Amino acid sequence: MQPASREAPDAAASFDPLRPLLTRVAYRMLGSVADAEDVVQDAFLRWLGADRAAVREPAAFLRRTVTRLCLDQLKSARARRETYIGPWLPDPLVEEAEEDDVTLPLMLALERLSPLERAAFLLHDVFGVGFDEVASTIGRDPAATRQLAARARTHVREARPRYKLEKAQGIAIAQAFFAASRSGDMAALGALLAADVGMWADGGGKRPAADRPILGFDTVLKLHRSLAVLFGKYGSALVHVGTINGLPGFVTREADGELQTTALEIAEGKVVGIYVMRNPDKLGHVH
């Protein structure tokens, strides 16, 4: 056996090009950047100790390893979610471009699936993995795996975007939303909102946030009227406008010095969902 000093560079050279893909798989399984990075690092340690010469397809081997580690993680994650304070949202990913169509509403829909349904759907429908490989990954036969993916597809159908929103249109709506909500122009803000708009804010008990979803045009507008008073008094600085978890949105620095992300779900030119991340534990990777 080669000395460890030679083993590590060899393992890293074959692993590092796959790290971004493996991290995307883990994040979409777990909804947590930190947990995804931990899982991928654990997979690297296993790769370091594996008989790599005997692995014909490193990408498939590592994808299988990461998925299985995520399935183990989901058991404890679900227990933690039961005691979470207020609405839970996945960690925000601020991206210049979408990697796939796994938007924030779809990730929330995935939360309602069983871990195996989630794995089957993501691996096959999102990452294009064949059912034979998915089956061996999750320990089910191909027929059962197809059923898992089909059930998942049915459950998440409503959360998938019905049509492609032009990026420029989405950014323009995000900019208009920021300007109206911070200036207190409720007429302009109201013109952007759908009648059935909903708002979810994740403070995780660490920062003030509504402890339940705010639903309906009048209720959402009333809340923003109150928030605009605070913004006018204490300030809210725009840091970045772009894509957040596949949705148009923006990053702000609020009066307490902490960052905040706001992602907007848009349908037929109107905002139907507002997703605000305030939990500092989920914003450490945002700049």
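I take two strands as paired if DSSP finds at least two bridges between them. The model I am reading is predicted.

**Entry 1: the hairpins**

I started with strands S6 and S7. In their hairpin, two residues lie between the strands, and Glu-268 takes a positive phi near 55 degrees. S6 covers residues 259–267, and S7 covers residues 270–277. Seven bridges pair them in the antiparallel sense.

Then I turned to S5, residues 247–254. S5 and S6 run antiparallel and are joined by five bridges. Val-251 stands opposite Thr-261 in S6. The hairpin of S5 and S6 has four residues between the strands, and here Gly-257 has the positive phi, near 90 degrees.

How many of the nine residues of S6 are buried? I found seven, so I noted the strand as mostly covered.

**Entry 2: aromatic rings**

I describe a pair of aromatic rings by the distance of the centres and the angle of the planes. The model has five aromatic pairs. One of them is Phe-15 with Phe-44, edge-to-face, with 5.1 Å from centre to centre and 65 degrees between the planes. This pair links distant parts of the chain: Phe-15 is in helix H1 (residues 4–15), Phe-44 is in helix H3 (residues 33–49), and they are 29 residues apart. I checked burial, and both Phe-15 and Phe-44 are buried.

Why is the pair of Phe-177 and Phe-250 tilted? Its ring centres are 6.2 Å apart and its planes are at 35 degrees; that angle falls between the cut-offs of 30 and 60, so the pair counts as tilted. Phe-177 sits in helix H9 (residues 167–183) and Phe-250 in strand S5, 73 residues apart. Both Phe-177 and Phe-250 are buried. Ring pairs also bring in Phe-178, giving a cluster of Phe-177, Phe-178 and Phe-250.

I also noted a charge over a ring. Arg-182 lies over the face of Phe-231, 4.1 Å from the ring centre.

**Entry 3: the cores**

Which residues have the most contacts inside the largest nonpolar core? They are Phe-15, Met-29, Val-66 and Phe-121, in a core of 47 residues. Elements giving it two or more residues include H1, H3, helix H4 (58–82) and helix H7 (131–138). Beyond its neighbours within four places in sequence, Phe-15 is in contact with Leu-22, Val-40, Ala-43, Phe-44, Trp-47 and Leu-62.

**Entry 4: helix H6**

I checked the length of H6. Its 12 residues should span 16 Å at 1.5 Å a residue, and the end C-alpha atoms are 15 Å apart, which agrees. H6 is mostly covered, with nine of its 12 residues buried. Among them are Glu-117, Arg-118, Phe-121 and Val-126. What do the buried residues of H6 pack against? I found H2, H4, H5, H7 and H8. Just after H6, Gly-128 takes a positive phi of about 70 degrees.

**Entry 5: Thr-145**

Last, I looked up Thr-145, in helix H8 (residues 142–156). Is Thr-145 buried or exposed? Its relative accessibility is 0%, so Thr-145 counts as buried. Leaving aside neighbours within four places in sequence, its contacts include Ala-120, Phe-131, Ile-138 and Arg-140.

Methods: Residues numbered from 1 in each chain as written. Predicted model: local features only at pLDDT ≥ 70, side-chain atom pairs only at ≥ 80, totals over all residues. Heavy atoms only, no water. Phe/Tyr/Trp six-rings, centres within 6.5 Å; stacked < 30°, edge-to-face > 60°. Buried < 20%, exposed > 50% of the residue type's maximum accessible area, 1.4 Å probe, protein only. Lys NZ or Arg CZ within 6 Å of the ring centre and 35° of its normal. Contact = heavy atoms within 4.5 Å. Core = buried A, V, L, I, M, F, W, Y, C linked by side-chain atoms within 4.5 Å. Expected span 1.5 Å × (residues − 1).
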